[in-house]
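Colleague: I am new to this structure and would like to know what stands behind the terms used for it. Could we go through them one at a time?

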Amino acid sequence: MTKEELILKANEVLAEEFEVEESVITPDADIKATLQLDSLSLVDMVALIEETFGVKLKGTDVSSVKTFGALYDFIYERL
Amino acid sequence: MNRVVITGMGIYSCLGKNLEEVRQSLYDGRSGIIFDPARKEMGFRSALTAFLEEPDLKKELSRAQRVYMPQQAKFAYVATVEALRNAHIDQDYLDNNIVGLLYGNDSSADPVVAAVDKMREKKDTTLCGAGAIFQSMNSTVTMNLDCIFKLKGINLTVSGACASGSHAIGLGALLIQNGLQDMVVCGGAQEVNPFSIGSFDGISAFSTRENEPTKASRPFDRDRDGLVPGGGAATVILESYENAVRRGAPIIGEVLGYGFSANGDHISSPNVDGPIRSLQMALQRAGVDRREIGYINAHATSTHVGDTNEAKAIYSVFGDQKTEVTSTKSQTGHEMWMAGASEVIYSMLMMKNDFIAANLNFENPDEDSAKLLIPSKRVEKHFDTFLSNSFGFGGTNATLIVRNM
């Protein structure tokens, strides 16, 4: 999977699951604010990423990966 | 003691998605039972079930609200929206008053199975998702409704097997009678999916009349061979008479009596003595003579021993008094945790519209049902007071008496 394919796939599944327009998901946007995640729905995002890419975000990863750009990088490095 | 009145009702059942659709189905004698081929493939002894669609709440509730709701909570949401609307209660009222919530529910199998499947397959609990725990608990209906409607009074699920909905209404009435709550949203909800009742099917409790789905649920009929599982949700708004008058609410009925008892006997086989005590207690607490009861909505689920023992109990209390007795389960199947609440609403709809729905498929009585007046055709009749029975596994019994207002 190329980085571009990863980004397209990530945006697609995140937009569908959290019911936002794909256009609001940009590399610099804050994940929690954009997807309106609280501590519980954050669990759903972690599960979605793991189900989609087989990459698991652990507790410390979740707190350091704040933007979609950081998330793409995190996933890409572990594919 | 405060008088307890009903000021709103709402329902989502196999007979319709709102009160008007359900009223019409009751009047027409329409059955909500189908044959579900998927259950046969899963190894069910009987693939009969009530059919109802899961409501799509995407436009009404946010993802953050929906993700914690299993099927029966969605049913209950739709029913409660209708009940609150009919009671003329808006969010502003709920925000500024202490309103309680008591709802009958006694399982949430589908989310439990989904989470366990995920754990077994992936060996990673995170993949169960955030909604799983909240969907899986018996109290899922009350926790979801309470957070959605921002209710601030009692918040409690009543798990009393197939009498859950009746007990919820009865307990809500007691809280209001004793001045502990001015208003309580009461009801019952029942999930409709194979996992929730597969083990119930396994004890041979269900009718196997699969070639005639609409004839399978035949309470009191000599040739009945078991119940048909159903579900949905039903909500009634209970409040003190004073509160209802103060806010100019539409008062449509009064909960006169709540009787309850336990059999102290077998876990699945009902007896006669327990239901008799429930009936007598309801009549005594209602302060009405049995001759004032114009209609009896029986628990009768279409099982041999259940219907027989209920017929004996009713005859023991009412004797040769010829009051119409029917089981609306002949149309809906057994709505289990929901049944006590839905059957109050079915009875209310009949009372308000001057008819008694037919006890479908009552073709031949048995020795005990022959002693009761069980109409197999719709009866056009005005009545002002009804009694509704609900009995459950473990021998839990509840009887409600409601008067027209």
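This is a predicted model: local features need pLDDT of at least 70, side-chain atom pairs count only at pLDDT 80 or more; totals for chains, interfaces and linings use all residues.

Colleague: Which secondary structure does chain A have, and in what order?
Modeller: Chain A has five helices and zero strands. From the N terminus the order is α-α-α-α-α.

Colleague: How do you know whether chain A agrees with a compact globule?
Modeller: The radius of gyration is set against a rule, 2.2 Å times the number of residues to the power 0.38. For 79 residues a compact globule would have a value near 12 Å, and chain A has 11 Å, so chain A agrees with the rule. The C-alpha trace of chain A spans about 30 × 30 × 20 Å along its principal axes.

Colleague: Why is A:Phe68 called buried?
Modeller: The cut-off for buried is 20 or more other C-beta atoms within 10 Å. A:Phe68 has 22 C-beta neighbours inside 10 Å, and therefore counts as buried. A:Phe68 is found in helix α5 (residues 68–78) of chain A. Of the 79 residues in chain A, 22% are buried.

Colleague: What is A:Phe68 in contact with, leaving aside its neighbours within four places in sequence?
Modeller: A contact needs C-beta atoms within 7 Å. On that basis A:Phe68 is in contact with A:Ile25, A:Thr26, A:Pro27, A:Ala29 and A:Ile31. In chain A, 53% of the contacts between residues at least 6 apart in sequence join residues at least 24 apart.

Colleague: How many residues of chain A are in contact with chain B, and which helix gives the largest share?
Modeller: In chain A, 10 residues are in contact with six residues of chain B. Helix α3 (residues 39–53) of chain A gives the largest share of the chain A side, eight residues. By class, that side has five nonpolar, one polar and four charged residues.

Colleague: Where are the domains of chain B, and how many residues of each are in contact?
Modeller: Chain B is divided into domain 1 (4–246) and domain 2 (256–404). Their centres, taken over C-alpha atoms, are separated by 21 Å. In domain 1 of chain B, 59 residues are in contact with 56 residues of domain 2 of chain B. On the domain 1 side, the largest share comes from α9(B), with nine residues. The residues of that side divide into 28 nonpolar, 22 polar and nine charged.

Colleague: What makes β5 and β10 of chain B edge strands?
Modeller: The sheet they belong to is open and has 10 strands, in the order β5-β4-β6-β7-β1-β8-β14-β13-β9-β10 of chain B, with mixed pairing. β5 and β10 (325–326) of chain B each pair on one side only, and are the edge strands.

Colleague: How do you know that β9(B) and β10(B) pair?
Modeller: At least two bridges are needed for a pair. Strand β9 (residues 295–297) of chain B and β10(B) have two bridges, in the parallel sense. One of the residues involved is B:Ile296, whose bridge partner in β10(B) is B:Val325.

Colleague: Which strands are joined to β14(B), and by how many bridges?
Modeller: Strand β8 (residues 253–262) of chain B is joined to β14(B) by nine bridges, running antiparallel. B:Glu254 stands opposite B:Arg403 in β14(B). Strand β13 (residues 385–392) of chain B is joined to β14(B) by eight bridges, again antiparallel. B:Asn389 has B:Thr399 as its bridge partner in β14(B). Three residues lie between β13(B) and β14(B), which form a hairpin.

Colleague: Why is strand β14 of chain B called mostly covered?
Modeller: In strand β14 (residues 396–404) of chain B, eight of the nine residues are buried.

Note on methods
Residues are numbered from 1 along each chain as its sequence is written. Chains are lettered from A and ligands numbered from 1 in the order in which they are written. Helices (H or I, at least four residues) and strands (E, at least two) are DSSP runs, numbered from the N terminus. A residue is buried if 20 or more other C-beta atoms lie within 10 Å of its own, exposed if 12 or fewer, and partly exposed in between; C-beta atoms are placed from the backbone. Two residues are in contact if their C-beta atoms, placed from the backbone, lie within 7 Å. Domain bounds come from an automatic or database domain assignment. Ala, Val, Leu, Ile, Met, Phe, Trp, Tyr, Cys and Pro count as nonpolar, Asp, Glu, Lys and Arg as charged, and the others, Gly among them, as polar.
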